[in-house]
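Subject: Structure for your files

Hello,

Here is the structure I said I would pass on. Please open it alongside this message.

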Amino acid sequence: MNAAARFLSPSEAARQLGISAKALRLYEERGLIAPSRTPAGWRAYGPAEMARGAEIVALRALGLGIGELARVLSGDAAVLDRVLAAHEATLEARVRQCGDSIARVRALRADLGRGKMPAAHDVIGAVRARPAIAVAFDLPWPWGGERFELRDVKPLNYIVGPLGSGKTRLAEALPNATFVGLDRAADGGAAVRARLDADPARKARVDASLAAHLADGAVQTPALTTLLAELEADCDAIPVIDMLEHGLDAASQEAVIAQLRRRGPEAQPLFFLTRSSAILDLDAVGDDEAIILCPANHSVPVCVTPVPGAMGYEAVATCLASPEVRARTEGMIAWRPA
């Protein structure tokens, strides 16, 4: 170890990189970064490791899953090309949105120049980057009719909370939403496949989506096919997916969330319940995503900012587990001997 170089502890390195120490440890476990060791055996991050960490953080901002990230860093040009193409499409969508906003602002200024005062809703519509979608309704039991408002529905919305906190009740009560339960993969997805065979256009979309997921490292299973069939359904209702990770291994979960993040800001909103840290990676949540926490004490659900120290952050983090842990504990409940 070079004595002249400054080496940081894991907590110091994570703070400088703007990520959590847990995320930094995950990158080490996946072989993306290899810290040095002090004579006492403690992990230490020098200039080379910090440069590598900065690369990882920057690439994560493109929406790469952990598996994709490893392949890009190892020189997989095909994965990088797909990611950049999706990012290019997202940027083009934002340019179109900006162009529309500029045109609306110019029209409003022209009206002002003619002495016409625009209505407030026209001004608000012109200055927003995208039209806001909001929901407001009276909460069902166990909240007892309290009012819940979500003022800006994002393209990706996570519903999180401990067992018994009311996540499913909240999801089922969302207006203009269709709830997709765990029975979606019943009978090995036979019913879904039959519906796809009767709808060639939808089947073509599902086949294309499946191919993209497999290219990102997903494993083809009935659970993945049925999930994609629900996501590709042609309907006006907003899909609410119960346990997005249900039946998917870690690689498939990472591929699913990476693909969903690439849909861009104009995509149809999605809500899903999850307890997987691969689906809801708190260090990768972007501006087009929202976290809704159902507290254990049945307080009114709240939106949580994915920043350590923010209200509700630790409560959300304690609800999540890795796909490996979730697989080992699937269907288990806590109990205490009499």
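This is a predicted model: local features need pLDDT of at least 70, side-chain atom pairs count only at pLDDT 80 or more; totals for chains, interfaces and linings use all residues.

Helix contacts

Two packed helices are described by the angle between their axes and the distance between the axes. Helix H3 covers residues 47-60 and helix H4 covers residues 66-73; they pack at about 125°, and their axes are 11 Å apart. That angle makes H3 oblique to H4, since angles from 65 to 115 degrees count as roughly perpendicular and those over 145 as roughly antiparallel. The crossing of H3 past H4 is right-handed. On the H3 side the contact is made by Arg52, Glu55, Ile56, Leu59 and Arg60, and on the H4 side by Ile66, Leu69, Val72 and Leu73. Sorted by class, this contact has six nonpolar and three charged residues, with no polar ones.

The second pair is helix H9 (residues 200-215) with helix H10 (residues 222-231), where the angle is about 125° and the axes are 9 Å apart. H9 is therefore oblique to H10. H9 passes H10 in a right-handed crossing. H9 contributes Arg202, Val206, Ser209, Leu210 and His213 to the contact, while H10 contributes Leu224, Thr225, Leu228, Ala229 and Glu230. The residues of this contact of H9 with H10 comprise five nonpolar, three polar and two charged.

Pocket

The largest pocket holds about 670 Å³ of space. Its lining consists of 32 residues, and those nearest the centre of the pocket are Ala61, Ala284, Val285, Gly286 and Glu289. At least two lining residues come from each of H3, helix H5 (77-113) and helix H11 (250-261). H5 gives the most to this lining, with four residues. By class, the lining of the largest pocket has 16 nonpolar, seven polar and nine charged residues.

Cavity

How many cavities of 30 Å³ or more does the structure hold? There is one cavity of that size. The largest cavity has about 30 Å³ of space. Arg184, Ala185, Ala223, Thr226, Leu227, Leu244, His246 and Leu248 line the largest cavity. Five residues of this lining are nonpolar, two are polar and one is charged.

Regards

Terms used
Residues are numbered from 1 along each chain as its sequence is written. Side-chain values use heavy atoms; hydrogens and water are left out. Axes are lines fitted to C-alpha atoms, for helices over the stretch in contact, and angles run from 0 to 180 degrees between N-to-C directions. Angles under 35 degrees count as roughly parallel, over 145 as roughly antiparallel, 65 to 115 as roughly perpendicular and the rest as oblique. A crossing is left-handed if the near helix is turned anticlockwise from the far one by less than a right angle, and right-handed if clockwise. Contact means heavy atoms within 4.5 Å. Ala, Val, Leu, Ile, Met, Phe, Trp, Tyr, Cys and Pro count as nonpolar, Asp, Glu, Lys and Arg as charged, and the others, Gly among them, as polar. On a 1 Å grid over the protein atoms alone, a cavity is a set of points where a 1.4 Å probe fits but cannot get out, and a pocket is an open set with protein on both sides within 12 Å along at least five of seven lines; lining residues have an atom within 4 Å of a point. Grid points are joined across faces, edges and corners, and a volume is the space filled by probe spheres set on the points.
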